[in-house]
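The exercises below are meant to be worked through with the sequence and the model side by side. Try each task before reading the solution that follows.

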Amino acid sequence: MFFHIGVRNIYYHLFVHIPSWLYKLTYSYYQTFIEQFVDDLKSYDGGIERFSVTNVMLPDSPFFSTQIMSVLNENITTITTLELQSCDLESSDIDSISKYVKKNKSLSILNLSQNDLFGNEDGCNAAAKQLSKAMKKHPELSYVNLSNTGLGENNEGIKIVLEGSKEINSLILDENTFDKEGLALVTNFLQKKNAVTEFSLDSVGIGEGKKGKTKARMLRDTLEKNSSLEQICLARNDLGSDERVLSIVMSGIRESVSLIHVDLSGNCIKKMSSIKLIAKYLSSNPALVELNLGYNKIPAKTADILINALKENTTLEHLSLAGNNIADKNVPAIIEVLQNNTTLRSLDLKDNKIKAKSTTGRKDLFKAICDTTSLDSIANNSNHTCCLAVAGCNFGGSNEKELYKINALDNNEGKKIRFKVVLALCALNKDLYDPRSFEDVPLELMPKLLELIQLEIGYNGYGMEIGKRKSKNTINRLNNVYETINQWPAFPSLFSRGPGKDCLQNWQVEDKAG
């Protein structure tokens, strides 16, 4: 069972703009609501597995320790996820939380983000010690989120918390702005032996101010020495404002022996020299599997440099270029990548400037995913590996969502081709109804197409994994497809031809499931 409440944002905005007498009335009602919620939880006896209180302003202390904790303790053997995000917890609440974490041996996820827990106030270091002791050598705890908890204001608190984090796999410290000494504590921790494979430093001020290069060098040295870190988030750290800072950081990423996921989004990486630096890195075929360069304001005139690097890359599987200034003139380069790169599994181009109705815009991009010029082009001229996101929805009749889901299917190219053929016949290019369209189709493909139409009818014609809504119009269209195939002059010979091994290899439709 999962309990979740999240209404703080509504009340917060009301509190700012209403008179004091109404504030008191509203707050009183709000407290009553929270208290009723807790009473309902106490009466529930089904066993809670995930407990989440997010963006809710809890009543003042000791409400959490006396009311919420009683619910948690009653479910101490079942709760595996505890999320107390942005709910006005204070350092005084850490005592009860720490005791609970220590007692709950099955807890695997702990999220205390967006609470002022470890600032410079009295008692914060004591709170840090309690939590650190609870996390240390915990048998199951693998994910801890302490984003925006005041750690950036208290270097002693950072040191204490990190001491208890050596066995944590995923440690999230976003939005804690570290000074030089604070970042040194973080980087020294990463250089020592620990179990951390995912580390997030989103918005911690690495590239800001006069100490940017010094902080970048600390990070570089850490990435070069660490041999276990697989995923790092360095988003929104102003790394692109000084290309020397970015160069230093990229040096560390390049020399890392373990990194496979890197997030550099929101760093204003838009200068020609910066883009060339990253393009050169991608062209060298690093072990990197995922790269996020979203929301960097990359201009169209330099985007091709980055895109062209993908022609030489054979390792990257996921790339996000969302929220940049990529435009129609970049589309030909992207299409060339989609036609030749068989490694890329997802490409995110949302929130760019690629127009829906231009002659070289979104339509051409999706033609690279499913070229409906002919049945042959669907099989041989289409990309069946990359999930392309441009609008994130079926904008302008693109069938983007269906094509995304088709390419996201397991590595079964024959199945994807069959789904795309039926999608094309039903929606993308109805001119394919002409029986002559089937004259060049290998006979061995036809039974698979007929099987698909027969078995998946009622699921928009292209598989339950792609769309589940039944449609009378879709069924009628599929009946038309069947009739069209049935009129095909060579149809009877389907039952007299042999297996056609060479044809199957040429069309690449052989699959175990089919």
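Two strands pair if DSSP finds at least two bridges between them, and helices (H or I, at least four residues) and strands (E, at least two) are DSSP runs, numbered from the N terminus. This is a predicted model, in which local features need pLDDT of at least 70 and side-chain atom pairs count only at pLDDT 80 or more, while totals for chains, interfaces and linings use all residues. Residues are numbered from 1 along each chain as its sequence is written, and side-chain values use heavy atoms, with hydrogens and water left out.

**Exercise 1. Strands side by side**

Next, move on to β4 (residues 109–111), which pairs with β3 in the parallel sense over three bridges, with Leu82 opposite Leu110. Here too there is a right-handed β-α-β unit, made of β3, helix α4 (residues 94–103) and β4.

Finally, consider burial, where buried means under 20% relative accessible area, exposed over 50%, and partly exposed in between (1.4 Å probe, protein chains only).

**Exercise 2. The nonpolar core**

Which residues have the most contacts inside the largest nonpolar core?

Solution. A nonpolar core is a set of buried Ala, Val, Leu, Ile, Met, Phe, Trp, Tyr and Cys residues joined through side-chain atoms within 4.5 Å. The largest one has 121 residues, and those with the most contacts inside it are Phe51, Leu84, Leu112, Phe199, Leu264, Leu291 and Leu365. In soluble globular proteins, nonpolar side chains tend to be buried together.

Take Leu365 as the example, with contact meaning heavy atoms within 4.5 Å. Leaving aside neighbours within four places in sequence, Leu365 is in contact with Val331, Ile334, Ile335, Leu338, Leu349, Ile354, Leu388 and Val390.

**Exercise 3. A helix and its surroundings**

Work out what the buried residues of α9 pack against, and decide whether Ser247 is buried, partly exposed or exposed.

Solution. Helix α9 (residues 243–255) has 13 residues and reaches 18 Å from its first C-alpha to its last, close to the 18 Å expected at 1.5 Å a residue, where the expected span is 1.5 Å times one less than the number of residues. At its start, a side-chain oxygen of Asp242 comes within 2.9 Å of the backbone nitrogen of Arg244.

The buried residues of α9 include Val245, Leu246, Ile248 and Val249, and its buried residues pack against α8 (212–225), β9 (261–263) and α10 (272–283). Ser247 also lies in α9, but at 34% relative accessibility Ser247 counts as partly exposed.

**Exercise 4. Residues in loops**

Where is Asn324 placed, and which residues does Asn324 touch?

Solution. Asn324 sits in the loop between β11 (318–320) and α12 (331–340), and at 2% relative accessibility this residue counts as buried. Its side chain reaches the backbone oxygen of Leu293 at 3.2 Å. Not counting residues up to four places away in sequence, Asn324 touches Leu293, Gly294, Tyr295, Asn296, Lys297, Ile298, Asp351 and Asn352.

One of these, Lys297, belongs to the loop between β10 (290–292) and α11 (300–309), and its phi is near 65 degrees, a positive value in a residue other than glycine. Glu175, in the loop between β6 (170–172) and α7 (180–191), has a positive phi of about 60 degrees although it is not a glycine.

Notes: Right-handed = clockwise from strand over helix to strand, strands pointing away. Polar contact = N/O pair within 3.5 Å; in protein donor to acceptor, adjacent residues only side chain to side chain.
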